[in-house]
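Biologist: I would like to go through one model and ask what lies behind the words used for it.

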Amino acid sequence: MKTNLYRHCCIAMLLLFATGSHAQLTLVENGKPVSRIIADTLPAPNARAATLLQDFINRISGATLPILPVQTPQKGDIVIEQGNTDGLTEDGFRLETDKGILYISSGGDKGVIYGVVTLLEDYLEVAYFNLNTCTFEERKDVSIPVINRTENPAFRYRQTQSYAAW
């Protein structure tokens, strides 16, 4: 009886560790990009979101994630504006990992920019104070956890600290 319990506990621990190592999305490993940003950069908010994310990943790690036109995503990619938009309002956004791909979706207007800013601030520990004033930890490895987060603004007009000059 004790042997069975011990065996089940060992199996449970192995499964926990095995799934935990795949539970995050690696963007940069040892200073080298292992992820790509896929975006239709014709709409201005998409282009701004893609370059903002690329710039801050570079500042954090020294690696530059390539920005590629719309194509079939691969595991590890970050896809801007091609995910699930159900229930999103204008300026709303969804950060969602699915099968090893991060989707940053928007209900319209600047939603993808707000999604990228939330990713940077809440998951990559970027603290943005004002124009040209921010803090972040430099590191050679950058990864994010599995995310399923949806935000819709409580009211139509939003004003935040502007990342516009970056």
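This is a predicted model: local features need pLDDT of at least 70, side-chain atom pairs count only at pLDDT 80 or more; totals for chains, interfaces and linings use all residues.

Modeller: The protein chain has three helices and eleven strands, and from the N terminus on its elements run α-β-β-β-α-β-β-β-β-α-β-β-β-β.

Biologist: How are two packed helices described?

Modeller: By the angle between their axes and the distance between the axes. Here α2 (residues 44–61) and α3 (residues 111–123) pack at an angle of about 15 degrees, and their axes are 8 Å apart.

Biologist: What makes α2 roughly parallel to α3?

Modeller: Angles under 35 degrees count as roughly parallel. The angle is about 15 degrees, so α2 is roughly parallel to α3. The crossing of the two helices is right-handed.

Biologist: Which residues of α2 and α3 make the contact?

Modeller: From α2 they are P45, N46, R48, A49, L52, L53 and F56, and from α3 they are V112, I113, V116, V117, L119 and L120. These residues of the contact divide into eleven nonpolar, one polar and one charged.

Biologist: Why is V126 called buried?

Modeller: Buried means under 20% relative accessible area. V126 has 3% relative accessibility, so V126 counts as buried. V126 lies in the loop between α3 and β8 (127–130). The C-alpha atoms of V126 and F136 are separated by 4.7 Å, although the two residues are ten apart along the chain.

Biologist: How much of the protein chain do buried residues make up?

Modeller: They make up 37% of its 166 residues.

Biologist: E125 is in the loop between α3 and β8 too. Why does E125 count as exposed?

Modeller: Exposed means over 50%. E125 has 53% relative accessibility, and therefore counts as exposed. E125 also has a positive phi of about 60 degrees, although E125 is not a glycine.

Biologist: What share of the contacts between residues at least 6 apart in sequence join residues at least 24 apart?

Modeller: In the protein chain, 66% of those contacts do. As for the accessible surface of the chain, it comes to about 9,600 Å², and 54% of that belongs to carbon and sulfur atoms.

Definitions and conventions:
Residues are numbered from 1 along each chain as its sequence is written. Side-chain values use heavy atoms; hydrogens and water are left out. Axes are lines fitted to C-alpha atoms, for helices over the stretch in contact, and angles run from 0 to 180 degrees between N-to-C directions. Helices (H or I, at least four residues) and strands (E, at least two) are DSSP runs, numbered from the N terminus. Angles under 35 degrees count as roughly parallel, over 145 as roughly antiparallel, 65 to 115 as roughly perpendicular and the rest as oblique. A crossing is left-handed if the near helix is turned anticlockwise from the far one by less than a right angle, and right-handed if clockwise. Contact means heavy atoms within 4.5 Å. Ala, Val, Leu, Ile, Met, Phe, Trp, Tyr, Cys and Pro count as nonpolar, Asp, Glu, Lys and Arg as charged, and the others, Gly among them, as polar. Buried means under 20% relative accessible area, exposed over 50%, partly exposed in between (1.4 Å probe, protein chains only). Accessible areas come from the Shrake-Rupley method with a 1.4 Å probe; for residues, only the protein chains shown count as cover.
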